[in-house]
Amino acid sequence: MSEILRIRGGRHLSGDVWVSGSKNASVAIIPAAILADSPSTIENLPDIDDVYCYMEILRYLGAEVSLENGKMTIDPRGINKNVLPEAMVNKMRASYYLVPTLMGRTGSAAVPRPGGCNIGGRPIDQTLKGLTSLHAKAYEEGGVIYAEATENFHGDEVFLAMPSVGATINTMLAAVSAPGETRIYNAAKEPHIVDTANFLSSMGANVKGAGTDTIRVKGGRPLHGSNYTVIPDQIETGTLMIAAAATAGDVRIHGTIPIHMEALSAKLLEMGVTVRSYDDVIEVSSVGNLRPIKVKTGYYPAFPTDLQQPFTAMCTVMWGTSQVTETIFESRFRYVDELRRMGADIDVINNTTAIITGVERLHPAPITATDLRAGAAMIVAALMADGVSEISGIQYIQRGYEHIDEKLRQLGAEIEYI
Ligand code: EPZ
């Protein structure tokens with residue numbers, strides 16, 4: 001029988017909590033390590049299913065991998081396969097970062113189209129464009145992505161149609177193996193892009209401009225293993241900030257990079273929440289009575305789509321009407337039905353804008369996480385509700401949040417896996 005997360009809501013969260021390493025950086029940095037000619041050690045990896053999934057894949061490929069206390073050592077020298085079975089990759093979107101890295105290591109790759117959260121179409125055309133712009137042969141056939149570093153594989157200009165995180169990372173990962181200079185225009189700027197670029201630089205790659213619209217890579221250098229520490233998770237930090245604000249709490253979140261949180265902090269301040277930061281700590285406190293708000297998701301540094309769901313959940317309890325517009329993914333409001341079961345009043349217009357009329361309180365209900373961040377929304381809603389809610393579908397939550405039950409318990413929540 002699958003596990004359920006049981007939460008008795010109504011507590012004000014308070015105290016100190018520490019953020020884990022970034023999921024979305026980890027899942028790009030781990031496959032990047034196979035480009036090296038010697039072992040790498042990556043620290044501060046979160047204890048989440050996506051990391052275990054990668055460990056299994058790398059071992060299958062022939063790498064030697066060990067993992068202890070968030071520290072993974074990867075020796076890629078034994079890699080002797082470049083074709084992956086579907087069952088290994090379909091749990092995780094980021095598995096397609098193995099396309100450019102296996103190609104860089106072995107000359108070619110065949111990786112089934114990735115799985116991951118069902119939040120929209122999630123096409124891969126920009127990844128294929130990135131690789132073919134570097135004169136690799138890259139295409140999708142029968143649900144499998146094929147890539148080959150042809151004789152003509154070399155750096156060139158790549159114009160992305162939108163600043164896609166996945167396409168930017170895949171193109172950067174290919175470009176470090178492509179002789180000559182690559183320029184990626186309209187690149188994504190998310191913190192995990194910068195972290196992946198920093199890891200590649202620590203391996204001896206020449207990558208400049210990550211965090212801006214244009215990334216420049218001088219490729220074809222031999223890469224060596226590196227010791228690297230992954231940045232803190234921006235979305236976990238945001239989820240904890242939202243949980244604190246939603247429960248009229250008083251929480252100090254440690255180990256963060258406050259500048260990554262500016263879009264969320266600005267919105268919370270506008271709602272009447274106190275947000276202070278110093279060094280790597282963000283303090284969030286609220287006495288309740290949140291003010292209604294308008295939020296629109298966007299590419300970094302705009303408001304992250306990955307916080308849209310828990311943020312919407314927070315807006316369900318207040319006086320007044322809030323508006324949350326999703327601009328990145330076309331199906332990221334499916335979880336709203338679950339919030340309605342708890343008494344939330346939400347209309348979704350054209351699948352893009354949620355009009356949330358605040359109610360006095362949510363009532364507990366059996367609810368289901370339909371994807372990872374929907375799981376975060378369910379947790380926030382259950383923390384606010386008066387009484388016991390049971391959340392199923394928690395395998396999604398375990399994909400991306402390290403020990404969320406323990407962290408919230410530390411803040412005074414009544415929460416347990418049963
Ligand atoms: C990454 O997904 C994250 N995943 C997502 O986090 C996050 O929601 C998303 O970026 C946006 O920030 C990982 O980092 C592993 P995109 P990704 O390519 O790379 C369109 C989470 O909850 N697009 O930036 O798949 C696409 O449809 C997950 O942690 C194309 O049209 O997102 C979307 O509208 C969920 N063609 C937009 O671009 C392409 O080839 C942004 O997608 C690629 C994308």
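In what order do the four strands of the open sheet that contains β14 stand, and what kind of pairing do they have?

Analyst: The model is predicted, so local features need pLDDT of at least 70 and side-chain atom pairs count only at pLDDT 80 or more, while totals for chains, interfaces and linings use all residues. Residues are numbered from 1 along each chain as its sequence is written, and side-chain values use heavy atoms, with hydrogens and water left out.

The four strands of this open sheet follow the order β2-β14-β16-β15, and their pairing is mixed. Strands here are DSSP runs of E with at least two residues, helices are runs of H or I with at least four, and both are numbered from the N terminus; two strands pair if DSSP finds at least two bridges between them. In general, strands of a sheet pair through backbone hydrogen bonds, either parallel or antiparallel. At the edges stand β2 (14-18) and β15 (274-278), each of which pairs on one side only. Between neighbouring strands the average turn is 15 degrees, with direction ignored; such angles are taken between N-to-C directions and run from 0 to 180 degrees, the axes being lines fitted to C-alpha atoms, for helices over the stretch in contact.

Within this sheet, β14 (residues 250-254) pairs with β16 (residues 281-285) in the antiparallel sense, over four bridges, and Asp250 has Ser285 in β16 as its bridge partner. Helix α8 (residues 234-246) packs on the sheet, where it touches β2, β14, β15 and β16, and its direction makes about 25 degrees with that of β16; contact means heavy atoms within 4.5 Å.

For comparison, a second open sheet has four strands in the order β4-β5-β3-β13, and its pairing is mixed. Its edges are β4 and β13 (227-229), each with a single partner strand, so one side of each is left without a neighbour in the sheet. The twist from one strand to the next averages 15 degrees. Here α7 packs on the sheet by touching β3 and β13, and its direction makes about 165 degrees with that of β13.

Inside this second sheet, β4 (residues 64-68) and β5 run antiparallel and are joined by five bridges; among the residues involved, Glu68 has Lys71 in β5 as its bridge partner. The two strands form a hairpin with two residues between them, and Asn69 in the turn has a positive phi of about 50 degrees. On the other pairing of β5 (residues 71-75), three bridges join it to β3 (residues 40-43), again in the antiparallel sense, and Ile42 has Met72 as its bridge partner in β5.

Val165, Thr168, Ile169, Met172 and Leu173 of α6 make the contact with His192, Ile193, Thr196, Ala197 and Leu200 of α7. By class, these residues are seven nonpolar, three polar and no charged, where Ala, Val, Leu, Ile, Met, Phe, Trp, Tyr, Cys and Pro count as nonpolar, Asp, Glu, Lys and Arg as charged, and the others, Gly among them, as polar.
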